[in-house]
Amino acid sequence: MPYLGSEDTVRELRRALCNPNIQSDQLRYRNTVLKVIRAMSQGVDVSGLFTEMVKACATADIVQKKLVYVFLCSYAALNPELSLLVINTLRKDCQDPNPMVRSLALRNMTNLRLPSLVEYVEQPLTAGLRDRAACVRRVAVLGWAKIHNLQPNSETDAAVVNELYTLLRDPDPVVMVNCLRALEEILKEEGGVAINKPITHHLLNRLKECDVWGQCEVLRVLQRYRPQSEDELFDILSLLDASLVSPHPPVMAATLSLFLGLCSALPAVGLAALERVRGTLLTACGSPSREMRFTALCHIQLLLRSLPGLMGVHYKRFFCGYAEPAYIKQRKMQVLVELVNDENVAMILDELKGYCTDVNADTAHAAISAIGGIGRSYSDRCLEILTGLLGLKQEHITSAVVQTMRDLVWVCPQCSNTVCEALEGCEDTLQDSQGRQALLWLLAVYGERVSSAPYTLEVFIDGVRSETSLGVKMELLTTTMRLFLCRPAETQDMLGRLLHYCIEEETDMCVRDQALLYYRLLRCGIEETQKVLQGRRSDPSLGVLIGRPAEPISHWACSFNTLEPLKQGTVEAEPPSRGSPEHVTFDPKPNSDLSDTLDCSQIGKLHSASDRASGCSDASTEGLGSSAPPPLSLSLTPVLSPEEFEHLWLQRQDLHTEQDAEKREEEEGCACLLEHIRCPAIAHCSPQSLQAAMQLVNIQTLAFTPPHTLPWRVYLYTHTQHTQRGNAPHSTLIVGELLYTREANQRVKLVKKGLDDRGMVEGREGEPVKEEEEATSAGQRDSARENGEEDEVKVTLKQQPRDDTALKGFLSILTTVLHTLSSERT
């Protein structure tokens with residue numbers, strides 16, 4: 001056919017379909033229908049040929065029928081009335097002697113997806129359930145699931161459900177599996193197909209007859225069954241033993257997931273099952289499919305949490321191939337870190353050293369981080385490799401090495417001497433902000449040991465005007481302050497120039513507020529400054545890590561054979577985006593004692609350290625408590641725009657004001673909290689102080705009213721990360737509002753009182769009344785404080801997803817900050 005436009009093409013095809021000479025020749029007619037399908041696949045709108053194609057389906061040629069049915073299913077929604085014309089042909093084909101024709105007709109009747117045609121489809125589907133051909137029964141079973149999707153609110157026919165339950169014992173295994181899928185869809189609101197003891201044993205006995213995906217479906221459904229006795233449990237486990245060592249990874253994973261669910265009270269049996277699946281997992285790691293390899297590696301990491309030595313002998317299977325993608329290489333390196341022991345550490349480190357010069361920067365960074373992870377147990381060998389990498393003078397390698405050294409000395413302070421010697425001269429190679437932040441943190445903590453530290457800082461300070469990274473500027477402020485405390489003579493002039501620029505010329509509010517905080521700290525005296533800035537240099541609770549303690553299988557069994565291991569691995573593989581190794585960690589303790597000044601208590605008592613987003617590194621000297629719940633980390637990333645905040649806040653506000661709010665909150669997976677905090681002077685503090693105090697603890701203020709304005713409001717948000725023992729970190733988003741209205745109510749009462757008692761408001765100027773009201777209000781506030789009565793700030797917090805522990809911990813942190821600001825104001 002010559003090239004024609006879409007309209008000319010449709011006109012030419014219609015002429016050919018209506019040509020009696022072509023219709024009389026079966027081969028030419030089929031080729032014409034094929035041209036229509038080819039034009040449809042190329043994006044040509046051939047819906048105008050619907051009538052002609054309906055006529056073409058009345059043929060004995062099964063190939064032509066298939067082609068026509070493809071066309072009709074694609075355009076039936078655009079021509080619902082004309083689709084009625086094909087129903088008679090389809091119903092007639094359902095009675096054809098050829099089972100292939102019958103199954104094809106049934107499949108396409110349900111694929112038309114038109115609710116108006118359901119009444120014509122039900123009778124052929126019911127007959128198809130009892131058809132003598134298995135291929136027709138397979139299509140009929142799935143057809144009822146499609147009909148249910150078309151009319152989800154319609155009442156389910158009990159006779160059809162009973163018929164599907166009967167077909168669970170069909171001799172054809174595909175029909176049996178299709179019945180499970182159909183019943184799961186039809187009975188979704190009732191919890192899916194009912195699994196009892198006879199059905200369970202029937203499915204297990206016929207498991208070997210199913211194909212791979214059929215076995216996975218059966219095993220998934222069987223997870224809802226709980227054996228009634230221990231003998232029955234071991235009978236089931238015996239039947240599953242062959243599937244546990246299946247050469248097909250999907251079957252093995254589904255079987256192991258069922259094993260772990262059944263053996264939750266028998267940890268020894270679960271550990272033995274993990275040993276049995278080692279061979280299949282290693283085979284999957286060498287699969288030609290990249291997706292299969294990645295998934296197998298993610299699940300191996302889960303297994304290593306309970307059996308750290310499971311793959312120790314086979315560590316060479318996790319060496320990276322040259323042609324493998326970066327995400328698989330990174331995951332293999334993470335597994336190698338878990339498999340290190342005294343026997344293989346030399347070979348694994350040598351292999352990782354080769355990856356450090358990979359052409360892919362992400363792979364090189366992952367290899368250097370892996371060496372740093374091994375360095376927690378074998379610090380001398382790893383530091384030798386990292387120091388040698390610095391000699392390459394490659395920008396991305398130097399940056400990754402400095403960041404790794406920073407993290408290493410935080411957990412292994414005995415490495416500090418070697419790290420300080422290696423830092424000499426590496427500042428010339430660093431160009432990215434993360435590497436420079438890491439170098440500045442090391443200079444801040446160990447500056448007295450690095451002879452060139454003041455000269456390195458001077459280069460940074462001289463170029464601060466051209467610095468574009470906010471994190472580097474804030475880290476530079478902290479580093480200069482810390483170095484001034486240990487080497488004042490060499491740093492005093494630089495510190496003065498830096499503070500002058502940040503306070504007088506810097507446009508960023510965060511940098512300016514931090515500089516003002518440090519300036520006021522210096523005015524309080526060197527001793528007070530040292531209390532705040534001379535924090536910990538390492539985390540003594542970590543120490544030298546030798547391996548990982550085994551976790552109970554129950555901690556991760558529920559996430560096995562799901563997408564959860566893949567998500568966890570993605571989070572762990574992300575490079576750090578922080579300027580210092582200290583985490584902003586809080587141990588909630590509502591009744592903590594606070595000092596009277598903002599400058600010291602903000603950092604010294606709140607156990608705040610580096611801001612992940614801004615690079616602020618003010619470490620504290622002690623936490624708020626050791627016997628409190630698990631620590632809570634706050635983060636400003638990912639950043640929430642004002643528009644996103646408004647959308648979330650209004651959405652949660654509607655949820656909070658509707659009836660049955662608690663039930664809706666559970667369904668939406670969110671939480672709302674309303675509290676009142678006693679802090680009378682908070683509404684009078686400056687916006688700069690409020691924002692600086694909030695950001696020191698990683699709480700972002702998006703909008704706030706000016707001081708002395710009533711009602712006074714502040715909108716804020718933060719991200720929390722709450723880690724329970726043995727579980728993966730659980731992250732949530734908290735948005736909140738602070739509202740202060742008491743003084744506004746007092747003014748209304750004062751005006752009413754003046755109108756009622758004196759009658760002098762009318763005809764007077766506004767200024768005297770205002771002055772008198774303010775004086776009276778101030779007197780009432782002083783009287784209230786003397787009597788122990790204080791005004792309250794209304795705090796509304798909304799969280800998604802729900803995590804009550806994290807929400808209460810955040811409220812404790814916010815209360816501490818507000819009390820600190822209020823005490824400073826008073």
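**Exposure, burial and salt bridges in a predicted model**

Biologist: Why is Glu155 called exposed?

Modeller: Glu155 has a relative accessible area of 77%. Exposed means over 50%, buried means under 20%, and partly exposed lies in between (1.4 Å probe, protein chains only). The value of 77% is over 50%, therefore Glu155 is exposed. The model is a predicted one, in which local features need pLDDT of at least 70 and side-chain atom pairs count only at pLDDT 80 or more, whereas totals for chains, interfaces and linings use all residues. Residues are numbered from 1 along each chain as its sequence is written, and side-chain values use heavy atoms, with hydrogens and water left out.

Biologist: Where is Glu155 placed, and which residues gather with Glu155 in a patch of negative charge?

Modeller: Glu155 sits in the loop between helix H9 (134-150) and helix H10 (158-166). Helices are DSSP runs of H or I with at least four residues, strands are runs of E with at least two, and the numbering starts from the N terminus. On the surface, Glu119, Glu122 and Asp157 gather with Glu155 in the patch. A patch is made of residues with over 30% relative accessible area and no salt bridge; like charges are joined within 9 Å, and nonpolar side chains (Val, Leu, Ile, Met, Phe, Trp, Tyr) within 5 Å.

Biologist: What makes Arg206 and Glu209 a salt bridge?

Modeller: A salt bridge is a side-chain nitrogen of Lys or Arg within 4 Å of a carboxyl oxygen of Asp or Glu. For Arg206 and Glu209 the N to O distance is 3.1 Å, which is within 4 Å, so the pair meets the definition. Arg206 counts as buried because its relative accessibility is 9%, whereas Glu209, at 45%, counts as partly exposed.

Biologist: How do you know that Arg406 is buried?

Modeller: The relative accessibility of Arg406 is 0%, so Arg406 counts as buried. Its side chain meets that of Asp407 in a salt bridge, with 3.1 Å from N to O.

Biologist: How far apart are the closest N and O atoms of Glu490 and Arg487?

Modeller: They are 2.9 Å apart, and the pair forms a salt bridge. Arg487 is buried because its relative accessible area is 13%, whereas Glu490 is partly exposed at 39%.

Biologist: Why is Lys393 called exposed, and what is its phi?

Modeller: Lys393 has a relative accessible area of 52%, so Lys393 is exposed. Its phi is near 60°, a positive value in a residue other than glycine. Lys393 lies in the loop between helix H22 (379-390) and helix H23 (395-411).

Biologist: Why is Asn561 called partly exposed?

Modeller: Its relative accessibility is 36%, so Asn561 counts as partly exposed. Asn561 is found in the loop between helix H30 (526-533) and helix H31 (564-573), and its phi, near 65°, is also positive.

Biologist: What share of the residues in the protein chain is buried, and how many helices and strands are there?

Modeller: Of the 826 residues, 51% are buried. The secondary structure comes to 38 helices and seven strands.

Terms used
Accessible areas come from the Shrake-Rupley method with a 1.4 Å probe; for residues, only the protein chains shown count as cover. Lys and Arg count as positive and Asp and Glu as negative; His and the chain ends are not counted. The place of a charge is taken as NZ of Lys, CZ of Arg, CG of Asp or CD of Glu.
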